[in-house]
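The structure comes first, and the account starts from a single pair of residues.

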Amino acid sequence: MESLDLHKITVRELNQFLHKELPGKGVKKLEILNPDGVHSIAAGMDTEVDIDIQGHGGYYVGGMNKHANITVHGNVGWGVAENMMSGTVRVKGFASSAAGASGHGGTLIIEGDTSLRCGISMKGIDIVVGGSIGNFSGFMAQAGRMVICGDAGDGLGDSMYEAVFYVRGNIKSLGADAQIEPMTDADYAAVQELLNRAGFKHDPKEFKRVAGAKKLYNWNADANQEY
Amino acid sequence: MSKKLVLEESAGFNQKVIEYVHRASATGLYEIRGMGAKRQLPSFDDLVFLAGSASRYPLEGYREKCTTTTVLGTRFAKKPIELAIPITVAGMSFGALSGRVKEALGRAATEMGTSTTTGDGGMTPEERQSSKTLVYQCLPSRYGFNPDDLRKADAIELVIGQGAKPGGGGMLLGQKVTKRVAGMRTLPVGVDQRSACRHPDWTGPDDLAIKVAELREITDWEKPIYIKVGATRTFNDVKLAVHAGADVIVVDGMQGGTAATQTVFIEHIGIPTLAALRQAVDALEDMNMRGKVQLIVSGGIRTGADVAKALAMGADAVAIGQGVLLSLGCNSSSYVQNGQHIDATADYNALGTAPGFCHHCQTGKCPVGVTTQDEILEQRLEPLVGAKRLKNYLKTLNMELTTVARACGKSNVHHLEKEDLVALTLEAAAMAKIPLAGTNWIPGVSPF
Ligand code: SF4
């Protein structure tokens with residue numbers, strides 16, 4: 001397996017290798033050693049490859065990812081897999097704020113907890129969190145699904161559009177226009193499928209569905225401060 | 001004898017204010033409208049050039065060469081962009097504008113050797129194809145934002161704010177969110193598209209530096225990165241943008257336009273372009289970054305004189321939005337179809353306005369087909385006709401710019417300098433830090 005050591009090369013050299021040299025090489029799997037919290041590790045991937053990051057990442061690990069399957073054997077800073085298009089990013093530890101922000105596709109799995117604004121502005125990504133998520137998560141979430149196996153903080157799903165969240169634990173509070181809705185068979189199946197993808201074992205029956213009430217879709221005088 | 005009718009309008013509660021109170025009382029909603037501030041503000045009109053005479057000599061206006069080449073993004077980007085003129089087309093979204101208009105902008109800008117800019121909602125194939133140099137905006141909403149288009153762009157503009165609405169997010173009312181617009185933005189058709197006022201994945205200036213670095217990593221440090229701020233605390237904002245690693249800073253003054261924003265923002269938030277430009281230049285000088293980080297100014301730039309004054313005050317280039325729309329026919333009483341001028345006055349009237357007064361871009365019912373997504377209305381702007389008009393407009397501005405520069409003795413428009421200008425009003429002298437005409441007096445700087 002190809003190993004790239006961030007004690008020996010800079011993140012710029014790493015990313016240029018991943019963008020420019022890796023695609024033609026037929027490499028299926030590689031590992032990144034000594035990440036030491038560096039930012040933008042494996043940002044802008046556009047190749048189908050398995051990447052193991054052996055340690056903690058900084059901000060924007062796997063940012064704008066396409067095709068790659070990235071596993072972080074540690075924790076990550078802000079904006080992991082931000083604006084991801086496809087592929088998978090798995091964080092074995094915890095993730096800081098804005099995990100999966102504005103993600104369009106692919107799957108983000110966080111085995112631990114995440115901080116504030118998880119799934120903010122999400123646009124089609126699937127996010128599965130093994131632990132709990134922080135306040136203001138799912139703000140203006142447009143599309144995609146988020147499964148939270150632990151608790152959700154304040155203001156979940158504020159001003160959300162068409163995304164759907166499934167929460168197993170407590171929800172501290174819902175944001176404007178977010179509401180709890182009954183689970184349907186399709187919801188149970190979706191939760192099961194996402195849990196399987198993440199490798200988490202829970203009963204889908206334990207999850208609640210949160211979606212937008214669609215009262216803020218068009219501007220009106222009654223929306224008042226909430227619009 | 002009949003009594004004489006004496007109508008005395010209140011200065012405070014004038015017709016406009018009365019109308020505002022009545023409207024607010026009837027609807028319970030604030031007004032949302034398009035275009036920029038309509039109020040009187042200190043502006044480039046309050047400055048004049050001294051030009052050459054005995055103490056400095058001018059260049060021959062028609063014969064001697066005057067360079068307009070403008071290079072942007074020389075600080076970190078491996079591939080800075082080179083423009084033939086220092087006049088660029090400001091960011092305007094597909095959604096606010098039709099695809100045909102985007103095509104017209106791209107064609108005209110390309111012919112003139114300058115850049116156009118995407119907007120909220122992403123990049124359309126029409127504009128990528130028609131624009132030789134295309135700046136791709138990264139906005140808080142990230143609507144339609146994706147790595148493929150990022151890599152296709154020639155430069156990236158990270159938008160923190162807009163002059164028409166610093167601190168406010170964007171808005172595209174449901175009537176303009178058609179199937180194509182909705183698809184590009186991952187939204188249901190017909191909903192109001194609201195854009196957040198803050199980016200989703202960073203907050204303070206230190207985070208911004210990391211975000212800029214990420215965009216550079218994704219694009220292999222090739223593309224210039226602009227940071228655009230709406231003019232408020234411009235001195236500090238420009239310094240922070242430099243600190244964050246910007247190659248180019250775009251400062252958008254309060255006269256800047258919008259497709260749809262609360263009137264209270266348009267008229268009451270932000271500072272005039274004149275004051276903002278001077279603060280931006282001060283900030284760059286303070287950091288010894290003039291010439292290393294380029295400065296683009298926008299917000300109410302209309303004429304070649306405005307461009308020349310902006311350059312003399314220290315801008316490297318300008319960006320124009322509203323002037324560009326006007327050149328395409330905005331606020332004109334007619335539109336051109338198959339070579340015929342067709343009267344559009346009735347359509348303005350139906351919106352409750354008239355040619356010359358329209359600011360109704362938010363309705364999506366633009367009488368001349370510029371800011372619309374309506375399949376019938378958008379036909380009123382023929383891309384080739386629009387492109388020709390815009391090319392003429394840009395050409396005129398550039399000719400005015402070079403003729404002023406030559407009169408000031410400059411063989412390169414970027415050699416225009418503050419010393420070429422004087423102010424006509426105390427306000428302009430104080431804001432621009434340029435002496436009042438006929439004196440050496442700069443309020444707050446030098447004595448009378
Ligand atoms: S004419 Fe069209 S572009 Fe111009 S202000 Fe009216 S609606 Fe907007």
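This is a predicted model: local features need pLDDT of at least 70, side-chain atom pairs count only at pLDDT 80 or more; totals for chains, interfaces and linings use all residues.

Because A:Lys66 lies in the loop between β3 and β4 (69–72) of chain A and B:Asp148 in helix α4 of chain B, the pair joins two chains.

B:Arg151, which counts as partly exposed at 27% relative accessibility, in turn forms a salt bridge with A:Asp46, where the closest N and O atoms are 3.7 Å apart.

## The interface as a whole

Taken over the whole contact, 44 residues come from chain B and 42 residues from chain A. The area buried between the two chains is about 3600 Å², and carbon and sulfur atoms give 56% of that area. On the side of chain B, B:Arg194, B:Pro200 and B:Glu217 supply 19% of the area that this chain buries against chain A, more than any other three residues.

Between chain B and chain A the count is six salt bridges, and there are 17 residue pairs in polar contact, both residues being at pLDDT 80 or more. Three elements of chain B, namely α4 (147–152), β10 (193–194) and α6 (205–218), each supply at least two residues of the side that touches chain A, and α6(B) gives the most, with seven residues. By class, that side of chain B has 18 nonpolar, eleven polar and 15 charged residues.

Over all chains the structure holds 47 salt bridges. One of them is formed within chain A by A:Asp52 and A:Lys29, whose closest N and O atoms are 3.0 Å apart. This pair links distant parts of the chain, with A:Asp52 in strand β3 (residues 50–54) and A:Lys29 in strand β2 (residues 29–33), 23 residues apart. A:Asp52 counts as buried at 11% relative accessibility, whereas A:Lys29 counts as partly exposed at 40%.

Salt bridges also form a network, in which A:Glu82, B:Arg142, B:Asp201, B:Lys211 and B:Glu214 are linked.

## The two chains

Chain A has two helices and eleven strands, and from the N terminus on its elements run β-α-β-β-β-β-β-β-β-β-β-α-β. Its radius of gyration is 18 Å, close to the 17 Å that the globule rule gives for 227 residues, so chain A is as compact as a globular protein of that length. Its C-alpha atoms fill a box of roughly 60 × 35 × 25 Å along the principal axes, and buried residues make up 60% of the 227 residues.

The secondary structure of chain B comes to 14 helices and 18 strands. For its 448 residues the globule rule gives 22 Å, and the radius of gyration of chain B is 22 Å, so this chain is likewise as compact as a globular protein of that length. Its C-alpha trace spans about 75 × 60 × 50 Å along the principal axes, and 58% of its residues count as buried. Among contacts with a separation of 6 or more, residues 24 or more positions apart account for 66% in chain B and for 26% in chain A.

Key:
Residues are numbered from 1 along each chain as its sequence is written. Chains are lettered from A and ligands numbered from 1 in the order in which they are written. Side-chain values use heavy atoms; hydrogens and water are left out. Contact means heavy atoms within 4.5 Å. Buried area is the accessible area (1.4 Å probe) that two parts lose on being put together, summed over both. A salt bridge is a side-chain nitrogen of Lys or Arg within 4 Å of a carboxyl oxygen of Asp or Glu. A polar contact is a pair of N or O atoms within 3.5 Å; within protein, one must be able to donate a hydrogen and the other to accept it, and residues adjacent in sequence count only if both atoms are side-chain atoms. Helices (H or I, at least four residues) and strands (E, at least two) are DSSP runs, numbered from the N terminus. Ala, Val, Leu, Ile, Met, Phe, Trp, Tyr, Cys and Pro count as nonpolar, Asp, Glu, Lys and Arg as charged, and the others, Gly among them, as polar. The radius of gyration is taken over C-alpha atoms; the globule rule is 2.2 Å times the number of residues to the power 0.38. Buried means under 20% relative accessible area, exposed over 50%, partly exposed in between (1.4 Å probe, protein chains only).
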